[in-house]
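Please look through the sequence and the structure shown here before reading on. The report that follows takes up a few places in turn.

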Amino acid sequence: MAGFIKGTFAALAVRPFRILWLGSVLAFVGFFMSTVVQSVVAFDLTGENRAVGLVTFAQGLMMFTFAPLGGALSDRLPKRRVIAICQLATMASFFAISWAIATGRIQMMYLVVGSLIMGASFAFLGPARQSLAVELVGEKLRGNAVALTQIANNGCRVLGPALGGAFLAWFSDGAAIAYVVMGLFYLSSILSLILLPKSKVREGARNQHVLADMLDGMRYVRDHRKLRRLMLLFTLVIMIGFPHVTLLPGLVENELGTPAAQSGTLWAVSAFGALAASLVVARKADSDNAPKLFSRLALGFGAALVVTATSPSFSTIVLLMVFVGALSGSFQVLGGAVIVRFTEPRYVGRVMSLTMLSFAGFGLVGLPIGLLADAVGERATFATLGAAVCLIALAFRPPSPDPISPPQPSLP
């Protein structure tokens, strides 16, 4: 057990990374609280599901638009400063929306603007946080550091919505209070950055235009076959497989005859499965067989979706969603770690920003997947997503053998 704990949490032995990780946990809790609170506020304002979709779409659109630029800037600016500025912007929007709710001035436009700010901020701070983590722990622990960051993300997927729901349920003005608490979580995360050493700036970064940096990062991925295959596997599986969560309410109500509200149970057990499995695979993040395991997890995730589509009862789907969450969560954790390990340190921000496009795409493809489910049914759509993930896993499986070694830059 001691060996398992030491291997799983190895990067936390590095004090600066430990501080960054704890600050990230605080920010993640606030972020995942917002996913519940802003959805409830949007629905209460309009009584329409499209309002909830609009807020989510706005966030995904900004991530998709600015992620490449965010990655380029994180490789040329002090990373600690980038994180602080982005978190300050999100914190300010939380406090402003809280004031609008408390004074009765809240409008949908305020929620949309807040979502735009959060999406744009995340496009910049996400790559900066990953780059800073790699910088703080060094080459030998960089896979584990990225995996632990994702573990924090998965854990907060459980804690954040629970806290948000609790404030909404316990207080008559719970939404306003929740937004204040979310802002305070971000403020605490910002203050933790003071304890970190100054982050490094790439030598000669200012000699090249930021747009040239963006193109250089894209060429870097394009020109390295192993990294390119890993990126395609990661991006396509997340864009096509992860939107299965949008089908859960319809699957539960239309196919299993259970109230759609019970789909919250499925999200919860999936998140717990993701967290548990993440702890297991984190210790594998720096092993040479990590790319092969990454590919197998993608295949397992696709197969689990296909099996889940055949669930005869609600109790059965609850059990299966534990495995869906475990496989999808461990795939996400190991994917980020493996991609970082194949990437030269000076390109980490730009490469990780490209992986963020998959999460932005996740939000954008939710609508067409919903339209498909309306046309052919939730079961058929669920199975189709699973089959597509299996095909992607087979098409982009890493070449063998899989020794880990960062690709060398192409000669001009």
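## A buried serine

Ser 278 counts as buried, because its relative accessibility is 0% and the cut-off for burial is under 20%. The model is a predicted one, and in it Ser 278 has its place in helix 11, which covers residues 263-281.

A polar atom of the Ser 278 side chain lies 2.5 Å from the backbone oxygen of Ala 274. If its neighbours within four places in sequence are left aside, Ser 278 is in contact with Ile 151, Asn 154, Gly 329, Ser 330 and Val 333.

## Helix 5

Helix 5 takes in residues 108-137, and at 1.5 Å a residue these 30 residues should span 44 Å, which agrees with the 43 Å that separate the C-alpha atoms at its ends.

Helix 5 is mostly covered, since 24 of its 30 residues are buried. After helix 5 comes Gly 138, whose phi is positive, near 85°.

## The nonpolar core

The largest nonpolar core has 116 residues, and among these Phe 17, Leu 111 and Phe 331 touch the most other members. Without counting residues up to four places away in sequence, Phe 17 touches Ala 11, Leu 12, Ala 133, Leu 136, Val 137, Ala 145, Leu 148 and Thr 149.

## Aromatic pairs

A pair of aromatic rings is described by the distance of the centres and the angle of the planes. The count of aromatic pairs in this model comes to 9. One of them is formed by Phe 94 and Tyr 186, which are edge-to-face, with 5.5 Å from centre to centre and 80° between the planes. This pair links distant parts of the chain, for Phe 94 is in helix 4 (residues 79-102) and Tyr 186 is in helix 7 (residues 174-192), 92 residues apart. Both Phe 94 and Tyr 186 are buried.

Tyr 220 and Tyr 347 form a stacked pair, because their ring centres are 4.0 Å apart and their planes are at 5°, where planes under 30 degrees apart count as stacked. This pair also links distant parts of the chain, with Tyr 220 in helix 8 (residues 210-222) and Tyr 347 in the loop between helix 13 (314-341) and helix 14 (348-364), 127 residues apart. Tyr 220 is buried, with a relative accessible area of 4%, and Tyr 347 is buried as well, with a relative accessible area of 5%.

Conventions
Residues numbered from 1 in each chain as written. Predicted model: local features only at pLDDT ≥ 70, side-chain atom pairs only at ≥ 80, totals over all residues. Heavy atoms only, no water. Core = buried A, V, L, I, M, F, W, Y, C linked by side-chain atoms within 4.5 Å. Buried < 20%, exposed > 50% of the residue type's maximum accessible area, 1.4 Å probe, protein only. Contact = heavy atoms within 4.5 Å. Helix = DSSP H or I, 4+ residues; strand = E, 2+ residues; numbered from the N terminus. Expected span 1.5 Å × (residues − 1). Phe/Tyr/Trp six-rings, centres within 6.5 Å; stacked < 30°, edge-to-face > 60°. Polar contact = N/O pair within 3.5 Å; in protein donor to acceptor, adjacent residues only side chain to side chain.
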